[in-house]
Amino acid sequence: MIYKIYKTYILNKSKIGYLKSKCRIVLNIVVGFLYYPLRFFNKLKSIFTSNSNFRLRVLSFHDISSQDEKKFERQIKWLMKKWDFIHPTNFEKIIEGEIKLDRDYLMLTFDDGTISNYHIAKKVLKRLDIHALFFVVTKYALFDNTNAARIFAAENIMLTSNLSEVPANFENMTIDNLKDLVKDGHCIGSHTFSHARLSNLSKSQINKEINKGAKILEGLMGMPIKHFAYPFGDIESINAEASIVASQRFKYVYTGIRGDNGKTINSTNLMRDSNHPHDSLWYTGACLEGAVDMLYSKKINSINNLQT
């Protein structure tokens, strides 16, 4: 009986995964077709209107397997022809008004702190002279046992009790890895202490996740941490208390909501475009051209209102 229930669960889960995969493919095709019309429209707008129409967007990735490194590199090289990748410190200066937004800029970020991010930085980003912002889950970075780190990732990042669903390469970056990234010119941000969904926590738990996570990370890195990204990043994972605590602790706070930061007036509710190496070039490009921004505009306004 137990075996039948387990088998049914596995079959249902595989069907859901299959449907999600198919939906992603359809989404890539439909949204991808909007790329060139939007690109043309935005170019015309920048020519016939003021320079205030330049964009400042943030592209986010998570774990990237070794099999997907070439696809990732292809995406980045393609984007380099259309966008200028910006260093996180210069991104800060644009947000603060210290540097003029004089072209379309794109900042690259990675979430969670998996070892694949380190390899990408060394193998791909260094060669392309791109510097990124890495959001790290503090507790994850503290593991020195690979199996323990994978169990933590399964339960807290991938939200599964089945360790076999965690890719074999899903290991954590250590503090030494993070310090090495900083030496190469990259920046480190906080992604809470344990990657908890903040909207499900009490006030004291939110404080622990945000403030304790940052304090420990700062101590280990020996440097201030100014950037923070909400785990999961969707509006359902962010409540008023989390928004207030994060904005009080960090100068730059990032959601997972798509949008252009070029005209932002709130550095504690920055927007990011999530992407995957399997996404088509046209889909990636269309999203960065604003193809689906209208679907997210109300959500970012709702998060802005949480702090009032």
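Biologist: How are α5 and α8 oriented to each other?
Modeller: This is a predicted model, and in it the axes of α5 and α8 cross at roughly 25 degrees. That is under the 35 degree cut-off, so the two helices count as roughly parallel.

Biologist: Nice. Left-handed or right-handed crossing?
Modeller: Left-handed, with α5 passing α8. Their axes come within 11 Å.

Biologist: Which residues meet there?
Modeller: From α5 you have Ile 115, Tyr 118, Ala 121 and Lys 122, and they meet Asn 177, Asp 180 and Leu 181 of α8. Sorted by class, that contact holds four nonpolar, one polar and two charged residues.

Biologist: Switching over to α9 and α10, what do their axes do?
Modeller: They come within 9 Å and cross at roughly 25 degrees, which makes α9 roughly parallel to α10. The crossing of α9 past α10 is right-handed.

Biologist: And what classes of residue make up that contact?
Modeller: Six nonpolar, two polar and five charged residues. Among them are Ile 206 and Ile 210 of α9, and Val 245 and Arg 249 of α10.

Biologist: Which of its residues are buried, and what do they pack against?
Modeller: Glu 69, Phe 72, Glu 73, Gln 75, Ile 76, Trp 78 and Leu 79 are buried. Their packing partners include α2, β1, α5 and α11.

Key: Residues numbered from 1 in each chain as written. Predicted model: local features only at pLDDT ≥ 70, side-chain atom pairs only at ≥ 80, totals over all residues. Heavy atoms only, no water. Buried < 20%, exposed > 50% of the residue type's maximum accessible area, 1.4 Å probe, protein only. Helix = DSSP H or I, 4+ residues; strand = E, 2+ residues; numbered from the N terminus. Contact = heavy atoms within 4.5 Å. Axes fitted to C-alpha atoms, helices over the stretch in contact; angles between N-to-C directions. Parallel < 35°, antiparallel > 145°, perpendicular 65-115°, else oblique. Left-handed = near helix turned anticlockwise from the far one by under 90°. Nonpolar A, V, L, I, M, F, W, Y, C, P; charged D, E, K, R; others polar.
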